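Please load the model in your viewer and keep a selection panel at hand. The stops below are meant to be visited in order, each with something to select and something to look for.

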Amino acid sequence: MNICMIGTGYVGLVTGVCFAEIGNSVWCVDVDEQKINSLKSAILPIYEPGLKDIVEKNIKEDRLRFTTNIKIGLENARVCFITVGTPSSEDGSADLSYVLAVARAIGQSMNHYLVVVTKSTVPVGTAEKVRNIIKQELKIRGRDGLMFDVVANPEFLKEGVAVDDFMCPDRIVIGTDNERTAELMKQLYQPFVRSQNSILMMDIHSAEITKYAANAMLATRISFMNEIAQLCDKVGADIDSIRLGIGDDQRIGRHFLYAGAGYGGSCFPKDVKELISTGHKNNLEMAIATAVDIVNERQKYYLVDMIKKRFGEDLSGKRFGIWGLAFKAQTDDVREAPALVIVQSLINMGADITVYDPEAMDQAKKVFADDYDIHYADNMMEALNEIDALLLITDWQQFRQPDFAEMKKRMYQHIIFDGRNQYDPVHMKNLGFEYYCIGRNCYVK
Ligand SMILES: NC(=O)c1ccc[n+]([C@@H]2O[C@H](COP(=O)([O-])OP(=O)(O)OC[C@H]3O[C@@H](n4cnc5c(N)ncnc54)[C@H](O)[C@@H]3O)[C@@H](O)[C@H]2O)c1
């Protein structure tokens, strides 16, 4: 099938490449000329395990092409996916300007029947907006007779395992209002699923809300455990024991029960905020989502509060090393990453900061720009030289079993603040580290 992806970021690129990999012919469109030029030479703008190889392969086999010209992308397309960003606006609602701009461009460019799929995470009612804008543009062109359908098909891939997630999804959610597009979408996705049951057909509004409900539910589990972890630190209990104690209850399950430095990324924070905003617009207070967001904001400062308690509010002359900037391991994405808040807070308190992340250094440099004086280490050990304390913020595998003896040689004071509960507190004590973590009775006394 001829497919056009509009927006070639994390979702658009992975989706486009995976559709090409199973034999479709795919155009990836983006307004970012530099990104498109790099992609034509198989230079990826993002780090995503396994992606580069299949990009190279599908370019070579001529199933995957890149352009900034939407007309070229749509020329032979039967289905086009909108995969642009939907960041938070000032008031927390999703900024739909990119999605609606794409809808306008589709209406201005399409010349035959098209199925337009919203894959971006969009609030309920967006498909209607997209439909109306395309109609308006067709009318302006005197092409009101041109037929098209709009489908909601939210994406559930996870950065870090995006290719595997797309190739073997838990489920595919498709919101449609007619049989014709339902059949076409089933045909498109059939190769990715073992049974038809994994393709869930529903109405468009339900599909749009499903994505927000999923992300808010996952964020809820994280904030819930973070709140319990703070309680553990107050009363001297252990969040890990509690996690095991509740996770074995099959009604609860083991996933997403890890306490830490708070959730980040381009999805959970903005999607929880958008859900709250949709509630407001419909005169419904989203009390749970609101609490989830508040708890997460508080959690991002938990390590900073520990440092204040340990070192005082004035950190001038103190040096800290940071391990991990990405919002989670296996990605270079630093959007809404807790590390950003923590680094900025420590610098504002006068600290000297050296950071290291295996993949996210370039992205972090773009965010911090020249506004913050930060040292960027070439490797994880270099980030420890002469520091007063290490903060571990992202759970990259290479931080799991480091050379503790080498660490002690490099660090001025042997203090670790572990925002991901990576080490055993007793072992750390035996090694001679002053060790602080989240909810395991290792809070600053
Ligand atoms: N990143 C994830 O893990 C993930 C997972 C599931 C869903 N989503 C959702 O998917 C959507 C996209 O997320 P992302 O992380 O891929 O975003 P992204 O920022 O990585 O990519 C968006 C791309 O769209 C391009 N773009 C903007 N306006 C355009 C236009 N008018 N025409 C063509 N291209 C345009 C940008 O240049 C950028 O390359 C969001 O709604 C997000 O919530 C993201």
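Begin with Gly236, which follows just after H9 and takes a positive phi of about 80 degrees; bear in mind, here and at every later stop, that this is a predicted model. Stepping back into H9 itself, select its 32 residues, which at 1.5 Å a residue should span 46 Å, and note that the end C-alpha atoms are 47 Å apart, in agreement with that expectation.

Next, colour the chain by its division into domain 1 (2-202), domain 2 (212-297) and domain 3 (301-436). The centres of domain 1 and domain 2, taken over C-alpha atoms, are separated by 30 Å, and the contact between these two domains involves 10 residues of domain 1 and nine residues of domain 2. On the side of domain 1 that touches domain 2, the residues are five nonpolar, four polar and one charged.

Now show the ligand and its shell, in which 26 residues surround the ligand, with Gly7, Gly9, Val11, Ser120 and Thr121 as the closest. Helix H1 (10-21) and helix H5 (97-109) are the elements that give two or more residues to this shell. Coloured by class, the shell around the ligand divides into 11 nonpolar, 10 polar and five charged residues.

From the shell, move along to H5, whose 13 residues reach 18 Å from the first C-alpha to the last, close to the 18 Å expected at 1.5 Å a residue. Val99, Val102, Ala103, Ala105, Ile106 and Gly107 are buried in this helix, and among the elements that cover the buried residues of H5 are strand S1 (2-6), strand S5 (114-118) and helix H6 (126-140).

Most residues other than glycine have a negative phi. Asp62, in the loop between helix H3 (51-60) and strand S3 (64-67), has a positive phi of about 65 degrees although it is not a glycine. Gln330, in the loop between S9 and H14, likewise has a positive phi, near 70 degrees. Asp62 is exposed, with 9 other C-beta atoms within 10 Å, whereas Gln330 is buried, with 20 other C-beta atoms within 10 Å.

Finish at Ser316, in the loop between H13 and strand S9 (319-323), which is exposed because 8 other C-beta atoms lie within 10 Å. The C-alpha atoms of Ser316 and Glu179, 137 residues apart along the chain, are separated by 66 Å.

Methods: Residues numbered from 1 in each chain as written. Predicted model: local features only at pLDDT ≥ 70, side-chain atom pairs only at ≥ 80, totals over all residues. Domains from an automatic or database assignment. Contact = placed C-beta atoms within 7 Å. Nonpolar A, V, L, I, M, F, W, Y, C, P; charged D, E, K, R; others polar. Near = placed C-beta within 6 Å. Helix = DSSP H or I, 4+ residues; strand = E, 2+ residues; numbered from the N terminus. Expected span 1.5 Å × (residues − 1). Buried ≥ 20, exposed ≤ 12 C-beta atoms within 10 Å, placed from the backbone.
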